[in-house]
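Please read them with the structure open.

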Amino acid sequence: MCRHLTIASIIVCVVSPLALSQSPPAIPRTGYALVDSLAYSEQVAQDAWRPMASGEKVSIVDIGGTRTLRLPCNFKGTKIERASWDRRIKLDLTMCKGVQFLFYCADASPVSHFSFYFRSGEGWYAGSFDAPASDGWGAVKIDKTEMRIEGQPAGWGNVDTVRISAWRGQDKNTEFYITAPGLYGANVKIVIARGDSDPGEARAAGQYADITAGLLDRAGLPYIVASERDIKAQRLKAARLVILPYNPKMPDEAAKEIAAFLRAGGKLIACYTLPNSLEQIVGIRNGPHIQQKHAGWLASIRPSGRGLEGMPRTTQQASWNIQQASAIDGRSRIAALWHDNKGQSTEQPALLLSDNCAFLTHVLLADDPANKLQLLLAMAGDLVPQFWRDAAQNRIDGIGQFGPYDNFKSAEKNITAIASGAKSALFAIEKAVENRGRALRFVSEKKFSQAIFASEKARESMIDAYCLAQKPLPGEHRAFWCHSAFGVSGMTWDQAIKVLADNGFTAILPNMLWGGVAFYESDVLPTSKTVAEKGDQIKLCLAACKKYGVECHVWKVNFNMGWATDKEYIARMKAEGRTQVNYDLSPAPPLADWLCPSHPANQQLEIDSMLEVARKYDVDGLHFDYIRYPGKDGCFCDGCRQRFEKTIGKAVNNWPSDVRNKDAFRDKWLDFRRRQITTVVAAVSERARKVRPGIKISAAVFRNWPSDRDSVGQDWKLWCDRGYLDFVCPMDYTASSSAFERMVGRQLPWTGKVPCYPGIGLSVWPDQTDICKLIEQINITRRLNTGGFTIFNYGPEQAAKVLPQLGKGMTQKTER
């Protein structure tokens with residue numbers, strides 16, 4: 001269980017007068033238990049919350065009887081990268097979903113982002129959050145499943161330190177406040193046990209745990225994800241169901257704890273691997289591991305015998321092997337079989353059921369998500385019938401919860417208003433109302449699977465209405481990045497560009513060359529061997545763009561030689577001293593695959609390769625990407641040292657520490673790095689415009705110019721000021737629309753007269769087809785008058801699901 005810890009000694013509070021003069025607004029009430037009441041004096045607070053490096057001390061502020069922590073960020077005139085504070089506190093976060101607190105910041109613009117860390121053992125769990133959109137206090141939740149691992153933490157049950165950080169965004173001071181720190185998601189009924197005991201399988205185990213978690217999120221069923229190493233029967237007392245999404249090497253001790261949980265009446269869903277010690281308890285016998293006989297042999301899961309209530313007739317799943325299992329007479333049965341891609345049964349069991357266990361003979365994959373959700377619900381609902389009712393009610397509640405809406409009535413009212421009488425949108429709303437009524441009726445009749453199906457249909461209609469109610473903005477620049485030189489998987493370039501054009505998009509930025517490879521016939525870079533088989537990709541893409549009236553801005557990954565570069569070429573670059581070296585003077589990855597930006601031959605290679613595209617092809621533009629250093633730790637090769645010393649006319653005796661730690665060198669070093677990158681941008685800009693008059697030069701850039709010009713040498717405001725760029729695309733990849741709006745608002749003054757087409761990170765969001773959030777962020781670019789936007793990334797789902805929805809209203813094609 002989670003231990004709710006507070007500081008035992010409560011001392012009469014002494015409150016800073018300065019803090020009182022800057023007090024934030026009234027604090028909303030919370031109803032959860034706190035892990036730190038903040039009920040201590042300012043001196044105790046300053047002893048408990050220790051600033052890192054040269055950070056400022058915290059102070060306590062009393063607002064209407066509620067204690068808050070004030071954390072000052074003094075960035076102006078300093079060189080600190082972040083303002084950070086550590087709080088020593090022992091926490092057991094095993095059986096909760098994460099932490100939560102209230103947050104207030106009157107001006108978050110000086111902060112690029114906030115981070116939250118938990119120290120455990122020899123490592124950290126690290127995550128980020130954005131300042132809430134509200135002008136008042138906003139709730140922040142840090143989900144454990146979204147945190148990354150640094151070092152070797154000892155588990156969520158052994159947290160001993162909390163760290164909060166505000167990262168520099170501008171040379172400007174600010175402050176923020178937090179209060180009511182607590183836990184959330186404790187005492188849930190479903191526990192996903194992540195199979196992270198085997199380091200070699202940890203990534204796959206995490207992937208399949210995430211798929212299962214995503215399905216439960218869609219169902220609205222609360223759950224937590226716990227390490228299998230933290231599973232204890234005592235901790236599972238409140239749970240009804242444990243799910244093993246992929247646990248290839250579960251420790252014996254963990255299996256014993258699950259066995260105890262099952263004996264106490266708990267239920268289990270196991271995918272692909274079932275510990276042998278659980279066979280007799282669940283009444284299912286493990287069999288041999290079986291690989292598919294041929295591609296498509298294991299293509300779908302279909303009911304067998306009496307099947308399972310609510311189970312789809314067909315669930316598509318492109319599996320490649322299974323862990324065969326057999327039923328034990330009187331204890332279990334086969335509920336589904338595997339079928340091949342021709343619809344023929346393989347006679348191999350796909351799902352076995354007993355009174356306390358559902359065993360799927362492979363992992364749950366992400367394909368066919370709608371039916372996969374129904375399959376998971378059918379398994380969970382068979383074991384714990386209450387889950388059917390809960391999921392049905394949650395899906396009904398979720399019909400109107402999307403985009404800016406939190407309930408059905410507000411969604412219906414607002415969409416009807418913005419539709420302005422559009423018949424298609426109003427008809428979609430009518431369909432949603434009808435299906436919602438059916439869902440409510442099915443729940444009253446205890447037909448929960450039918451209720452969920454009707455709810456899904458109602459939600460689809462409401463989102464459809466929302467899309468149909470949007471209006472296009474004439475003259476807008478609408479672009480997609482396409483990371484694959486071969487376009488959208490499963491489509492020709494002609495088909496992919498037609499989909500863009502049909503849905504009102506005006507430009508494509510295809511990634512056609514890297515630092516060490518070209519996907520066209522190049523005389524400058526090594527040509528990919530795939531070109532001989534699949535053709536010149538620029539030529540194919542450009543022909544389609546000309547045909548359908550879509551601009552083609554060829555995207556180059558600069559300096560980074562990338563995964564497709566021939567290993568011999570990389571080795572030759574390294575042998576010639578042209579690859580980057582780390583700050584510790586090692587040539588270790590990833591810098592070993594990056595060309596050194598200060599090497600004259602590398603600069604010329606970057607310039608010549610981009611100019612070659614402008615000479616050979618009638619493209620609309622050239623697009624820089626990775627036009628920077630990988631980070632602050634590159635590059636410190638011998639060549640960089642020699643060229644830097646020549647530039648400043650002085651030797652650096654302690655290389656490379658002096659250029660980072662001595663004031664006499666630091667600023668000159670940072671300026672040296674910036675000039676290497678700017679040299680390439682300036683040369684390509686000037687010469688490409690002579691080669692092909694009217695060509696547009698653009699760049700994908702990091703979002704926080706003031707700090708990024710130092711950390712990665714990317715001085716993109718200077719490029720705008722000097723006219724090197726015709727438009728710029730800051731990569732504002734965040735699922736938080738409030739953070740996106742702050743980013744774009746901060747960037748527009750930096751771009752000046754150069755158009756800013758913000759990068760929207762659709763493909764890095766948890767839901768890569770979230771059309772409602774996408775519309776929300778496009779609307780932000782319109783409110784801020786950017787004149788356009790750029791979306792990452794153009795792939796199969798975006799072509800099939802996202803673009804048609806945008807084309808219904810938001811980007812509806814108009815005559816130009």
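Predicted model: local features only at pLDDT ≥ 70, side-chain atom pairs only at ≥ 80, totals over all residues.

**Notes on side-chain contacts**

1. Asp633 and Arg660 make a salt bridge, with 3.0 Å between the closest N and O atoms; the term means a side-chain nitrogen of Lys or Arg within 4 Å of a carboxyl oxygen of Asp or Glu. Asp633 is in the loop between strand S26 (621–625) and helix H16 (638–648), while Arg660 is in helix H17 (residues 657–661), so the bridge ties together parts that are 27 residues apart in sequence. Helices (H or I, at least four residues) and strands (E, at least two) are DSSP runs, numbered from the N terminus.

2. Asp633 is partly exposed at a relative accessible area of 34%, and Arg660 is partly exposed at 27%. On this scale buried is under 20% relative accessible area, exposed is over 50%, and partly exposed is in between (1.4 Å probe, protein chains only).

3. Residues are numbered from 1 along each chain as its sequence is written, and side-chain values use heavy atoms, with hydrogens and water left out.

4. The whole structure contains 41 salt bridges. One of them pairs Asp107 with Lys172, whose closest N and O atoms are 2.9 Å apart. Because Asp107 lies in the loop between S5 and strand S6 (111–120) and Lys172 in the loop between strand S10 (159–168) and strand S11 (174–184), this pair ties together parts that are 65 residues apart in sequence. Asp107 is partly exposed, with a relative accessible area of 27%; Lys172 is also partly exposed, with 35%.

5. Lys498 and Asp502 form a salt bridge with the closest N and O atoms 2.7 Å apart. Both residues belong to helix H11 (residues 493–502) and are four residues apart, about one turn of the helix. Lys498 is partly exposed at 36% relative accessible area, and Asp502 is partly exposed at 38%.

6. How many aromatic pairs does the structure hold? There are 38. Rings of Phe, Tyr and Trp (its six-membered ring) pair if their centres lie within 6.5 Å; planes under 30 degrees apart count as stacked, over 60 as edge-to-face and the rest as tilted. The ring centres of Phe101 and Phe129 are 5.6 Å apart and the planes are at 80°, so this pair is edge-to-face. Phe101 is in strand S5 (residues 98–104) and Phe129 in strand S7 (residues 122–129), 28 residues apart. Phe101 is buried at 3% relative accessibility, as is Phe129 at 6%.

7. Trp481 and Tyr733 are also an edge-to-face pair, 6.1 Å centre to centre with 80° between the planes. Trp481 sits in strand S23 (residues 477–482) and Tyr733 in the loop between strand S28 (727–732) and helix H21 (737–751), 252 residues apart. Trp481 is buried, at 2%, whereas Tyr733 is partly exposed, at 23%.

8. Two charges sit over rings, meaning that NZ of Lys or CZ of Arg is within 6 Å of the ring centre and within 35 degrees of the ring normal. The charged end of Lys534 is over the ring of Phe486, 4.7 Å from its centre. Arg673 lies over the face of Tyr629, 4.3 Å from the ring centre.
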